[in-house]
Amino acid sequence: MNRQTISTTINRRIYTIDVYPNQTLLEFLREELGFTGTKCGCEIGECGACTVLLNGEAVNSCLVLVPQIDGKEVLTIEGLAKDRKLHPLQESFMNYDAVHCGFCTPGMLMSAKALLDKNPNPDEREIRTAISGNLCRCTGYVQIVDAIKEVIK
Amino acid sequence: MKPYDYISPKSIEEATSVLAEYGSDAKIIAGGTDLIIELRRPNAKALKVIVDITKLGELTGINSSNGSVVIKPLSTHTKLLQSSILHQHALLLSSAASVIGSPQIRNRGTIGGNIMNAATCADTVPPLIALGAQVVLQSKSGIRHLSLSDLFIKPYQTKAKADELLTEIQFPKLPVNAKSSFIKLGRRNALSISRLSVAAILFYDNNGKIIKARIVPGAALPVWRRVTEAEQILISEKPSYKLFTEAGQKVSEVMISYMGRRWSTEYKEPVIATLVRRALEQCA
């Protein structure tokens with residue numbers, strides 16, 4: 001199995017790395033880079049706990065092979081806060097009690113960020129569609145939607 | 001996952017050369033939303049090579065030329081649902097793409113992968129068959145043109161040879177007075193696999209009578225086909241609840257004549273009829 005040398009930007013840092021092609025981005029982030037903020041839920045793209053942004057688009061990192069991030073930008077939950085300040089979405093999630101067990105939260109935040117970066121003024125239907133790939137077993141989604149709405153204001 | 005070599009060709013020539021060399025020991029990856037799940041299975045067949053075609057710029061894009069829409073296979077479902085060309089000339093395809101999986105899946109999954117994986121529940125296929133799509137397969141030995149409805153043998157099996165690459169999907173633009181729809185029934189509102197689906201197109205004359213119809217159910221038959229028996233009921237008629245109900249019942253009968261009565265028939269029999277009726281109502 002040949003290793004691939006790839007060049008990528010992860011959380012605003014440039015990496016040139018040799019990777020095994022039979023690893024998913026999820027495994028690579030958690031086990032090689034220690035970025036355990038991205039969660040492993042179903043590993044088959046049906047829960048969204050592993051959601052990260054790839055060139056600004058929300059993707060299931062469990063369904064991306066590591067070499068496929070070559071030449072691309074990855075943003076994980078660890079990269080959401082900037083210059084020691086939380087992202088407004090993170091503040092809002094706390095204020096609206098949108099975090100219960102917290103397991104879906106990193107994925108939810110990344111999907112919400114992907115939405116607001118492309119569409120700064122979504123309606124409720126667009127918000128719910130944007131997070132439709134992220135399952136939450138605790139909150140019933142209401143607090144999450146309200147938290148996102150708050151940031152839009 | 002079991003180990004394999006990874007090749008990322010920079011041209012179609014390179015890709016078809018690799019496929020010619022490795023044949024069925026190679027698998028093509030684009031979005032990976034089906035393949036990676038397959039590779040993770042404990043009893044997955046060992047592969048020699050994965051061929052990542054995502055760097056092939058020639059395989060991206062949605063374009064229209066005189067009378068046709070041409071879609072390149074690496075078009076993601078997100079691109080399909082956002083395409084103004086599809087909104088204008090093939091709305092049902094855009095609708096179908098918009099209900100696949102989730103935003104994360106749609107950002108990666110491609111129309112080419114949806115077709116070539118050939119799962120019974122593939123959502124882009126019924127609309128493409130209703131649209132009369134043609135596909136192009138390319139290999140080192142040359143190029144083949146096929147009608148999409150001829151491409152499939154059975155679930156998960158197409159007529160494409162191991163060394164062939166899907167390079168283009170094409171269909172005629174729908175005329176301005178044609179209406180189309182796609183309805184998907186899944187176990188949930190998102191992140192669901194189609195249990196049943198219906199792609200429908202109705203073409204009208206200037207008096208509001210139906211002159212042509214296309215009805216293609218999904219996840220209902222062994223291989224996708226237009227249900228011409230139901231389409232014929234609609235010709236030269238004006239839309240009505242009674243007419244569409246009749247067409248729906250005909251589709252249900254045809255489905256049972258193919259599939260026999262099985263555990264799911266008690267549910268699917270009335271439901272496919274209703275879905276067809278609703279799809280046709282959306283085309284009225």
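Me: Contact means heavy atoms within 4.5 Å. How many residues does the contact take from chain A and from chain B?

Reply: This is a predicted model, in which local features need pLDDT of at least 70 and side-chain atom pairs count only at pLDDT 80 or more, while totals for chains, interfaces and linings use all residues. Residues are numbered from 1 along each chain as written, chains are lettered from A and ligands numbered from 1 in the order written, and side-chain values use heavy atoms, without hydrogens and water. The contact takes 35 residues from chain A and, from chain B, 28 residues.

Me: What area is buried between chain A and chain B?

Reply: Buried area is the accessible area (1.4 Å probe) that two parts lose on being put together, summed over both. Carbon and sulfur atoms give 54% of the area between chain A and chain B, which is about 2500 Å².

Me: Which element gives the most to the side of chain A that touches chain B?

Reply: Between the chains there are three salt bridges (a side-chain nitrogen of Lys or Arg within 4 Å of a carboxyl oxygen of Asp or Glu), and D70(A) and K55(B) meet in a salt bridge at 2.9 Å, N to O. On the chain A side, β3 (51-54), β4 (57-60) and α4 (124-130) each give two or more residues; helices (H or I, at least four residues) and strands (E, at least two) are DSSP runs, numbered from the N terminus. With four residues, the element that gives the most is β4(A).

Me: Where in chain B does R40(B), the partner of E27(A), lie?

Reply: The side chains of E27(A) and R40(B) meet in a salt bridge at 3.2 Å, N to O. The pair crosses between chains: E27(A) is in helix α1 (residues 25-32) of chain A, and R40(B) is in the loop between α2 (35-39) and β3 (49-52) of chain B.

Me: How much space lies in the largest cavity?

Reply: A cavity is a set of points on a 1 Å grid over the protein atoms alone where a 1.4 Å probe fits but cannot get out, and its lining residues have an atom within 4 Å of a point. The whole structure has two cavities of 30 Å³ or more, and M1(B), Y4(B), L39(B) and K45(B) are among the residues that line the largest. With volume taken as the space filled by probe spheres set on points joined across faces, edges and corners, the largest cavity holds about 60 Å³.

Me: How much space lies in the second largest cavity?

Reply: Its lining includes T120(B), F152(B), K154(B) and W224(B). The space in the second largest cavity is about 50 Å³.

Notes:
1 Å grid on protein atoms, 1.4 Å probe; cavity = no way out; pocket = protein on both sides within 12 Å on 5 of 7 lines; lining within 4 Å.
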